[in-house]
Amino acid sequence: MPQCRAGLLITLYIMNHDKYIFETEMEVRDYECDIQGIVNNANYLHYTEHTRHLFLRSLGVSFAELHDKGVDAVVARMTLQYKTPLRCDDHFISCLTLRKEGLRYVFDHDIYRKSDEALCFRCQADLVVLINGRLGHSDDYDRAFSPYTDTPCTR
């Protein structure tokens, strides 16, 4: 018997739940919605950025302290897929995975509406590190991310 779309999305969340290395819950605020009553597309980028910052803090890494050392992780590219719109007062779960490809840290983000676990947004964010303004390798980020990537710590 074919499964309905909502059931399929819930199944996808349950299947993928184990692959995520970090999850956080957030709530849509009224000013994030457009005239159509749905979250404006740009706000999903804020949600994913906030998720990455919370992930860093959970690892004991301070984005601000690394910046003070001249080490800045910056977005090089993002691929976005809008699936099901979030609306005012929706609670949602922002999840991420991480892998390293060359100098890039690749974060895969999924955002699910909490009430029905519908997949709302999917994103791949490729980040690179600038060392004093120049593209480079970061031992600080490699060390912090080593439990989640195949990258061994060098120091």
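Leu45, Leu80 and Tyr82 come together as a nonpolar patch on the surface, with about 230 Å² of accessible area between them. Patches here are built from residues with over 30% relative accessible area and no salt bridge, nonpolar side chains (Val, Leu, Ile, Met, Phe, Trp, Tyr) being joined within 5 Å and like charges within 9 Å. A salt bridge is a side-chain nitrogen of Lys or Arg within 4 Å of a carboxyl oxygen of Asp or Glu, and areas follow the Shrake-Rupley method with a 1.4 Å probe, with only the protein chains shown counting as cover for residues. The model is predicted, with local features needing pLDDT of at least 70 and side-chain atom pairs counting only at pLDDT 80 or more, while totals for chains, interfaces and linings use all residues. Residues are numbered from 1 along each chain as its sequence is written, and side-chain values use heavy atoms, leaving out hydrogens and water.

Tyr82 is partly exposed at 40% relative accessibility, where buried means under 20%, exposed over 50%, and partly exposed in between (1.4 Å probe, protein chains only).

Val39 sits in the loop between β1 (22-27) and α2 (43-58), yet is buried, with a relative accessible area of 3%. Leaving aside residues up to four places away in sequence, Val39 touches Val28, Glu32, Cys33, Tyr44, Tyr47, Leu86 and Arg87, contact meaning heavy atoms within 4.5 Å. Val39 and Val28 are 11 residues apart in sequence and 7.5 Å apart in space, C-alpha to C-alpha.

As for the cysteines, the structure holds 0 disulfides, a disulfide being a pair of cysteine sulfur atoms within 2.5 Å. The sulfur of Cys88 is too far for a bond because the closest cysteine sulfur, in Cys33, is 4.9 Å away. Cys88 is partly exposed at 31% relative accessible area, whereas Cys95 is buried at 0%.

Methods. Helices (H or I, at least four residues) and strands (E, at least two) are DSSP runs, numbered from the N terminus.
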